[in-house]
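Q: Could you take a close look at the side-chain pairs in this model, both the aromatic ones and the charged ones? I'd like to see which residues pair up and where they sit.

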Amino acid sequence: MRARLLIIALGLLALAGCSPAGGSGTGEPAANEADATFSLRMIPHHRQTIEIAEVATQKSKDPFVVDVADKIARAEAGEIEQMATYLRSWNIKVPGDDAGATHKMAGMMTAKDVEALKAATGKQYDDLFLATLSRHLRSGVDMAKDAQAKGEHIGSKALAGKIIVSQTEVLAQISAKQKS
């Protein structure tokens, strides 16, 4: 994965040097390695969130859990499209849906975590889903903060900011639910 990111970064640097204003010709700064890395990691991260959210909407009887799962899945599906558009515009291949590789990335749930979640039922399921989703969203917030600090692409940084705000809000809602 590191070698792939290095190749992508070198490609981005080459593209930035060849285009006016360092970007698309709009005066917007070109993407850098942090921008590309953000999308390359966040797309699989979001896909994993959607995977467990779909299970929650089918298994849970708790309206809060179902609502959170539905909202986060819809939001993240749109964000995946936005990041995929950025990657394509930077001539970077959009990550595939390889669950085996995905579970090995930093900040991701392991296959064992996902299986435990799928095996749980009732209140145990709801509690495990909220705890698992919280850990997962916190890692997403950390990735987004890193992208905001190190990225250059205006759109990518704005998306990272949106993710920080929306996922921090969901984390607060989950925390309040867990305390009630």
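A: Let's go through the aromatic pairs, then some of the salt bridges.

Keep in mind that this is a predicted model. Let's start with the rings. A pair of aromatic rings is described by the distance of the centres and the angle of the planes. Searching the whole structure turns up two aromatic pairs. Take Tyr86 and Trp90: their ring centres are 5.7 Å apart and their planes sit at 15°, so this pair is stacked, as planes under 30 degrees apart count as stacked. Both Tyr86 and Trp90 are buried. Then there's Tyr125 with Phe129, where the centres are 6.1 Å apart and the planes are at 20°, so this pair is stacked too. You'll find Tyr125 and Phe129 in helix 6, which covers residues 122-150. They are four residues apart there, which is about one turn of the helix. How hidden are they? Tyr125 has a relative accessibility of 1%, so it counts as buried. Phe129 comes in at 0%, so Phe129 counts as buried as well.

Now for the charges. Side chains of opposite charge can pair when their charged atoms come close. The structure holds six salt bridges, and here are some of them. One is between the side chains of Asp62 and Lys177, at 3.2 Å from N to O. Asp62 has 17% relative accessibility, and because buried means under 20%, Asp62 counts as buried.

Asp67 pairs with Lys71, and their closest N and O atoms are 3.1 Å apart. Asp67 and Lys71 are four residues apart in helix 3, so about one helical turn separates them. Asp67 is partly exposed, with a relative accessible area of 35%, and Lys71 is also partly exposed, at 48%.

Arg74 and Asp70 form another salt bridge, at 3.0 Å from N to O. They, too, lie in helix 3, four residues apart, or about one turn of the helix. Arg74 has 53% relative accessibility, and since exposed means over 50%, Arg74 counts as exposed. Asp70, at 33%, is partly exposed.

Technical notes: Residues numbered from 1 in each chain as written. Predicted model: local features only at pLDDT ≥ 70, side-chain atom pairs only at ≥ 80, totals over all residues. Heavy atoms only, no water. Phe/Tyr/Trp six-rings, centres within 6.5 Å; stacked < 30°, edge-to-face > 60°. Buried < 20%, exposed > 50% of the residue type's maximum accessible area, 1.4 Å probe, protein only. Helix = DSSP H or I, 4+ residues; strand = E, 2+ residues; numbered from the N terminus. Salt bridge = Lys/Arg side-chain N within 4 Å of Asp/Glu carboxyl O.
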